[in-house]
Amino acid sequence: MRYLRVLMQSISRLNQSAASMCWLPRLLARWLSSALSLLLLSAVGRRTGGLEGATGTTCTRWSALNNKVLSQDGDVILGGLFNLYYIPSAVQQDFIKQPRYEPCTGLDLETLKHLYALAFAVDEINGNSSLLPGVKLGYSIVDSCGRYPWALQDTLSLVGGNTRSCNLTASTPQSASHGQPGDTSGKPVPLLIGASSSTTGIILSTTLGPLSIPIISYQATCPCLSDRLKFPNFFRTIPSDIYQARALAQLAIRFHWTWVGAVHANTAYGQLAMQVFKEEIKGKGVCLDFVETVHRETIERDARRAALTIQASTARVTDRQFLASEAWSTSDDLLQDPAVSNVASGVLGVAIRSSPIPGFEKYLRNLHPVRRPHDGFLRDFWEKVFGCSAGGVASFAYSSSSPRASNGSTSSPAKESLHRASLPPCSGTESLEGLQHPFTDTSQLRVVYNVYLAVYAAAHALHSLLSCSSRDRDISTCSSPDHIKPKELLQHLNQVNFTTPQGEMLYFQGADTPAKYDLVNWQKTPEGPMKLVLIGHVDGFDLLLNQSAIQWSTGSNQVPVSVCSESCPPGSRLANRKGEPVCCFDCIQCAEGEISNTIGSSHCDPCPSEFWSNADRTACVPRQLDFLSFNETLGITLTTAAVSGATVTAAVFLVFVYHHQTPMVRANNSELSFLLLLSLKLCFLCSLLFIGRPSVWACRFQQAAFGISFVLCVSCLLVKTIVVLAVFRSARAGAGSLMKWFGLRQQRGSVGLFTCIQVIICAIWLSLSPPVPQQDFGLRGSKVTLRCAMASLVGFSLVLGYIGLLACSCLLLAFLARKLPDNFNEAKLITFSMLIFCAVWVAFVPAYISSPGKYVVAVEIFAILASSYGLLLCIFAPKCFIILLKPEKNTKKHLMAR
């Protein structure tokens with residue numbers, strides 16, 4: 001109870017907010033008490049090494065067998081070693097003679113139950129005709145008081161048959177009594193059930209290893225004992241602590257507790273458990289906020305520091321939720337403490353598995369000193385429970401020759417005799433029948449069940465050895481109960497595989513049985529104290545949990561939250577913070593076109609090409625079709641420009657028709673001027689074909705109309721330019737016949753020829769690989785552009801190239817004719833118009849290639865309109881100006897003047 005006092009001192013020193021955490025020392029004390037034995041390992045190991053090094057010397061026993069012994073006669077005797085008394089006597093050693101100890105006091109009732117589990121299992125096996133038929137099992141059980149020298153001394157006495165000789169083959173008849181005083185004879189035990197701590201197991205296994213005597217422990221959990229090279233004769237019916245640490249890690253992973261803290265004892269147990277826990281959570285999304293180590297020497301200071309650390313944790317939690325190791329998850333002292341229940345309700349813990357043992361409760365309740373007159377353990381229990389002296393019952397004897405007996409003025413047996421004399425005699429009516437006492441409570445048989453399994457494992461190994469039923473001829477020797485060789489028994493124990501009376505398969509994997517634990521929950525009761533409720537099991541690496549049965553520390557049925565950063569909502573992804581654990585992160589919204597539809601997603605998934613993310617970035621929705629329509633601003637603007645251009649062209653056409661007899665209209669072939677105006681009008685109108693939802697025929701017709709209209713327009717300008725050059729060239733001597741090649745018929749034919757070539761190019765292109773409506777997914781966004789895709793760039797290039805060839809030819813010829821003598825030289829107008837035309841289409845190419853989505857169409861329409869307006873204004877605006885505003889200049893004389 002020293003740790004409880006430490007707890008109270010810690011609580012008094014912490015403020016009210018921190019005080020609720022200061023029951024931690026009591027929990028830590030449980031860990032420390034279960035792991036303390038490892039601290040003594042090195043010293044005892046050196047002593048053991050000294051014993052092993054004494055080969056060739058005369059073997060003598062330290063002393064007679066411990067007189068605190070409970071035995072039962074049988075053909076084969078099982079040894080039992082328990083820590084029945086837990087209060088050791090004060091020891092003062094002078095190191096000049098053998099150490100002297102007084103017997104321990106303070107009977108541990110839970111350990112006493114372990115003792116009777118062994119006795120009950122032996123009686124049950126003896127009553128089973130199918131197991132060890134014709135062979136009676138016996139036992140010899142001694143108390144080691146938790147002292148390692150006593151444990152080693154008693155073990156050597158048991159395996160030596162309580163004789164002075166080390167010859168294990170020399171056996172003497174064994175008493176059939178329950179530890180009669182002065183009885184020092186007996187058979188050697190071929191197997192030992194004991195080692196309630198790992199240190200004891202290490203000492204005994206190391207000592208008995210050369211003798212090949214098996215040891216089956218029911219409570220030693222150190223993973224080091226699984227090493228078959230070091231401890232080939234060690235077995236246990238309790239799992240290694242590795243599995244417990246893994247179970248705790250699996251609980252944290254299952255409940256998505258990503259930000260946890262750990263407190264462990266500064267022992268080999270605590271450090272190994274912490275190492276296994278870290279390995280188990282690695283890569284599973286669980287991080288450690290803090291790791292506090294508690295030292296036995298500074299328990300008060302360390303406990304206070306751990307409590308403050310828990311309070312200062314940066315975890316975002318709904319409440320403090322504790323995960324308990326088996327060292328304190330089933331502690332009755334903590335469960336019944338009101339101070340603990342205020343801060344530790346809802347604890348989840350890993351516990352040694354429990355199983356009912358039919359008939360065991362009845363066996364315990366039938367125990368009575370009258371029926372077991374030589375059972376000194378039962379007599380001590382009787383006096384403790386009923387407060388009366390079981391008079392007339394034989395007591396334990398303490399030989400003065402034993403080094404455990406002190407030479408003090410008043411020996412421990414004398415003190416016990418005085419105490420017993422002060423008690424009233426028992427009436428004989430006392431009984432355990434109907435008594436509500438922890439000793440008779442068999443609802444949670446944990447370590448008891450491990451003892452029970454150990455006895456059955458030993459019995460099945462003996463059965464295999466004595467019945468010669470093994471299939472392995474190397475170990476089948478048909479031994480007799482009187483001549484059991486421990487080495488042969490060890491071999492059979494390694495291969496034991498049986499079904500327990502409870503229906504459980506039991507076998508050894510090296511030193512260990514399959515790991516099994518209970519998962520328990522501390523739950524509040526209406527009466528006040530907390531109770532222990534079974535909520536699941538651990539079977540190897542499998543976690544079987546009834547989550548609905550858990551009572552959480554928050555009082556609700558919702559799993560508590562413990563995270564460093566809140567989980568990222570759908571529509572976002574987590575981004576790790578530099579220099580911090582992976583559990584601490586920021587949430588970043590998914591980029592456009594990406595989604596995450598789960599909580600805590602580490603990445604965003606891109607939507608398929610025909611889909612786009614919604615506004616919340618949680619789902620992909622179909623992308624809307626987008627094209628240059630007549631309803632949008634850009635479409636309206638371009639439509640207005642195209643219609644205006646066609647209207648102006650029509651107006652100019654009407655002006656020219658009305659003034660078709662004037663010199664200005666008749667100059668340079670009025671027929672070509674009318675044809676040029678018609679082609680310009682077609683150029684303006686063909687741009688409207690590019691606006692609206694693309695269709696199969698629209699895609700084909702728009703390119704053909706565009707190519708043919710512009711070729712017709714440029715052809716007219718080219719022929720006009722050739723005619724101008726021909727007219728002035730024919731005025732020279734010897735060139736009179738030149739004009740006959742450029743008459744009206746030839747001009748019409750030339751325009752028709754140039755246009756037909758474009759018609760042929762378009763026909764071939766549109767018949768072989770025409771443009772088709774296609775969705776353009778190249779542009780990121782919620783809209784997908786529907787446009788006319790050029791299935792063949794060669795065809796489109798030929799159309800543009802042919803227009804460019806005619807335009808360049810026209811520009812060259814017009815440039816040559818720009819200085820011809822004439823007051824109104826149309827070649828100058830054609831030169832300026834073709835410069836604008838060529839500049840527009842040269843700029844069109846890079847703009848067309850780099851424009852996204854529907855703006856590709858807008859660029860092409862703009863080029864059509866710009867070039868059309870350039871031709872219309874440069875060629876016809878000056879003529880209309882003279883016709884309408886300067887009619888005095890619209891004379892042949894003025895036009896022919898130089």
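Within helix α8, the buried residues are Asp241, Gln244, Ala245, Ala247, Leu248, Ala249, Gln250, Leu251 and Ala252; buried means under 20% relative accessible area, exposed over 50% and partly exposed in between, with a 1.4 Å probe and protein chains only. Helices (H or I, at least four residues) and strands (E, at least two) are DSSP runs, numbered from the N terminus. The model is predicted: local features need pLDDT of at least 70 and side-chain atom pairs count only at pLDDT 80 or more, while totals for chains, interfaces and linings use all residues. Residues are numbered from 1 along each chain as its sequence is written, and side-chain values use heavy atoms, with hydrogens and water left out.

Helix α8 covers residues 241-254, and at 1.5 Å a residue its 14 residues should span 20 Å, in agreement with end C-alpha atoms that are 20 Å apart. The expected span here is 1.5 Å times one less than the number of residues. Just after α8, His256 takes a positive phi of about 60°.

Two strands pair if DSSP finds at least two bridges between them. Strand β12 is joined by two bridges to β13 (residues 348-352), and the two run parallel. Ala324 stands opposite Gly349 in β13.

Aromatic rings come next. The structure holds 30 aromatic pairs; rings of Phe, Tyr and Trp (its six-membered ring) pair if their centres lie within 6.5 Å, and planes under 30 degrees apart count as stacked, over 60 as edge-to-face and the rest as tilted. Tyr116 and Phe439 make an edge-to-face pair, 6.2 Å centre to centre with 85° between the planes. This pair links distant parts of the chain, 323 residues apart: Tyr116 belongs to helix α5 (residues 109-126), and Phe439 to the loop between α16 (412-422) and α17 (447-467). Tyr116 is buried, with a relative accessible area of 0%, and Phe439 is buried at 1%.
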